[in-house]
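Here's one I'd like to walk through with you. Have a look first, and then we'll talk.

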Amino acid sequence: MLGFLKKVSDYTKEAFGAANYLFQGLVVTFDHMRRRPITVQYPYEKLIPSERYRGRIHYEFDKCIACEVCVRVCPINLPVVDWVMNKETKKKELRNYSIDFGVCIFCGNCVEYCPTNCLSMTEEYELAAFDRHSLNFDNVALGRLPTSVTTDPSVQPLRELSYLPQGVMDPHDLPQNAQRAGQLPSEVLELIQQKASTIDSNESIKSSNQIDNNKE
Amino acid sequence: MSMVTPLGTASQVLTTPGIDLELSFNQAMQGLGLSSEVAHLIWLPLPMLLVLVAAVIGVLVTVWLERKISAAAQQRIGPEYAGALGVLQPMADGLKLLVKEDVIPARADGLLFTLGPVLVLVPVILSWLIVPFGQNLLISNVGIGIFLWIALSSIQPIGLLMSGYASNNKYSLLGGLRAAAQSISYEIPLALSVLAIVMMSNSLSTVDIVEQQNGAGLLSWNVWRQPVGFLIFWICALAECERLPFDLPEAEEELVAGYQTEYAGMKFALFYLGSYINLVLSALLVSVLYLGGWGFPIPIEWLASWVGQSIDAPFIQVIAGSIGIVMTVIKAYVLVFIAILLRWTTPRVRIDQLLDLGWKFLLPISLVNLLVTASLKLAFPIAFGG
C-alpha cells in the first residue's frame with residue numbers, strides 16, 4: 001500500500017516537475033521577445049569584415065617578379081604565372097597572371113609567402129557570378145580594389161559582436177560615425193606623425209633652453 | 001436542428017430583450033414589401049458569409065502573428081516589406097499558392113487526393129456554426145452545440161488519412177496514419193473534459209455554457225472550477241490542431257511534410273487554411289468553455305448600473321455587444337499567442353510519448369476530473385451548477 005502511494009506521489013511530483021520545466025522554458029521564450037533583433041539586413045546593412053579577413057586576393061602586377069612561389073605554396077598550384085625569359089636582359093618578363101576564385105580556397109598561403117608583397121587579401125566576399133568562368137580573374141581584375149563596406153554610401157556598415165565597445169550588444173546602438181573598431185592605417189600614421197612632431201618640438205624647446213643656459 | 005433553432009431563438013427573445021439582428025432585418029425587409037419567408041431566405045446566407053469572412057481574416061491575422069512572434073522569439077525581424085510591418089504577408093502567401101500549379105502525382109489516386117483537403121477543411125469551417133460572439137451573435141444556437149464540434153472534428157482524421165493514402169508516398173502515408181492515431185487518441189480526453197463542463201452548465205449549447213459563467217464576471221469563469229479540465233482541453237486542442245509539441249504528422253525532420261508532402265498550390269493552401277482555422281477555433285472554444293466567452297471581467301450589467309443606465313437601453317446593448325465580440329477575440333488571441341510561444345519552447349514529442357501522454361496520462365486524469373466534478377456537483381450544487 002505504502003509503495004503504491006509512493007509511486008503515485010512520485011508520479012505526481014514528476015508531472016508537476018515537467019510542468020515547471022515547461023513554464024521555465026516559456027519564460028525564456030517570452031523574455032527573448034523584448035530583445036532587439038540581431039538581423040543584419042543585407043544588402044542595406046553589411047557587417048564590417050574583421051581585420052585579417054581572407055577575402056578575394058588583390059595582386060599588383062608591377063611588383064611581381066614571376067618567382068612562382070605563390071604557385072608552389074598553393075595547395076593546388078592554382079595561380080597561373082605566364083612569363084617568358086628575355087634572353088637579352090636575362091630576366092623573366094611577366095605577361096599575365098591569373099587566379100581562378102571558383103577553385104581558390106582563400107587559404108592565404110600565396111599572400112603569406114609572396115617575397116615582394118604583390119599579393120594581398122581584401123575584404124571582398126561578394127563573388128557571386130552567373131558563369132563560373134567569370135571567376136577566373138586575370139591580372140587586371142585582380143588589380144581592382146573592392147569597394148569598402150565603410151565607404152559605400154548605399155550601405156550601413158555594422159560592427160561584428162566582438163568589435164563592439166564594452167556593454168554594447170547591438171551594432172545599431174552605436175552612433176553613425178562609429179563604424180569601425182580601432183583606427184585605419186592612415187589614422188594610425190597621422191597619430192604617429194603627430195607624436196613625432198610633438199617630440200621634435202619638445203626637443204627643440206629643450207635644446208633652445210640648453211642654449212639659453214649655456215649663454216648664461 | 002430545424003426544430004431547435006426557432007425554439008431557441010424564440011425563447012431568447014422572450015427572456016432577454018437583447019439585440020436580435022435577424023428580427024430587425026426581417027422587419028426591414030417586410031417594410032420593403034417582401035414576405036417574411038423571403039426575408040428569412042435572404043437573411044440566411046448573411047451570417048454564414050460573415051462568419052466565413054471572420055474566420056479567414058482570423059487566419060490571416062494568426063498567420064501574421066505566428067510569423068512576427070516567431071521572429072521576435074528568435075530575435076529576428078520577420079515579414080517587413082509587404083504592407084506596414086508585413087501585415088499583407090499572409091495575403092501574399094495565399095495569392096502565391098492560388099496561382100501555383102496544381103500538381104496531382106502520376107501514381108496518386110486523383111479523386112481521393114482532391115477530396116482529402118476538402119474533407120479536412122469543411123468540418124472545421126462548419127464548426128464555426130456554434131462559436132458565439134455574443135448573446136445572439138452566432139449562426140445557430142444548436143441544442144447539441146459543443147457536441148456537434150466534437151463530432152465534426154472526428155471527420156478530420158478521415159480526410160488526413162485519405163490524403164496520406166492517396167498520395168502514394170511513404171512519408172504521406174506515415175503522416176496520415178500518425179494524424180489519425182493522434183486525432184483519435186486525443187479526442188477522448190478532449191470530450192471528457194468538455195463533458196465535465198457540460199455537467200456543470202447542464203447544457204451542451206455554447207450560449208448556455210457562456211451564460212452560466214457570467215454571473216460574477218472573472219470570478220465565475222469555468223477556469224477556476226475546472227483548472228485541470230482547462231489544461232487537458234488546451235493540450236488536447238493543440239494535439240488536434242497538430243501544433244508544435246504534437247506536430248508529428250507533419251514533422252519535417254522525419255516525414256518531409258507528412259500527409260502534405262505531395263500537395264502544392266491551392267490544395268496545400270486548404271490544409272494550411274484548415275490548420276490555422278482549427279487553431280483559431282480551438283482558441284475560441286477554450287475561451288467559450290473556460291474563459292467566459294464574450295463576458296467582460298466585470299459583468300456588463302454591474303457596469304451599466306454603476307453608470308446609472310438600464311442594461312436594456314439600446315446604446316448600452318450595442319456597446320455590450322461590441323465589448324462581447326472584442327472580449328471573445330481578445331481571449332482567443334491570447335491563447336493563440338500562448339500556442340505560438342509554446343511552439344518555440346517545447347521540443348516535439350516522439351510518437352510513443354505522444355500516445356503515452358494521451359492514453360496513460362490525460363485519459364485517466366480527465367476521467368478523475370469528470371468524477372470529481374460529478375461528486376462536487378452533488379456536494380456543492382450552488383457552486384457547481386446543481
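What follows is a short chat about a sheet, a cysteine and a chain contact.

Me: Before we start, what kind of model is this, and how is it numbered?
Reply: Residues count from 1 along each chain as its sequence is written, while chains are lettered from A and ligands numbered from 1 in the order written. Local features need pLDDT of at least 70, side-chain atom pairs need 80 or more, totals for chains, interfaces and linings use all residues, and the model itself is predicted.

Me: Which residue of β6(A) does Ile99(A) stand opposite?
Reply: Strand β4 (residues 91–100) of chain A pairs with β6(A) over two bridges, in the antiparallel sense. Opposite Ile99(A) stands Phe137(A).

Me: Is Cys114(A) buried or exposed?
Reply: Cys114(A) sits in the loop between α3 (109–113) and β5 (119–121) of chain A. Buried means 20 or more other C-beta atoms within 10 Å, exposed means 12 or fewer, and partly exposed is in between, with C-beta atoms placed from the backbone. Because Cys114(A) has 22 C-beta neighbours inside 10 Å, it counts as buried.

Me: Which residues does Cys114(A) touch, leaving out those up to four places away in sequence?
Reply: Contact means C-beta atoms, placed from the backbone, within 7 Å. On that basis the partners are Val69(A), Cys70(A) and Leu119(A).

Conventions. Two strands pair if DSSP finds at least two bridges between them. Helices (H or I, at least four residues) and strands (E, at least two) are DSSP runs, numbered from the N terminus. Two residues are in contact if their C-beta atoms, placed from the backbone, lie within 7 Å.
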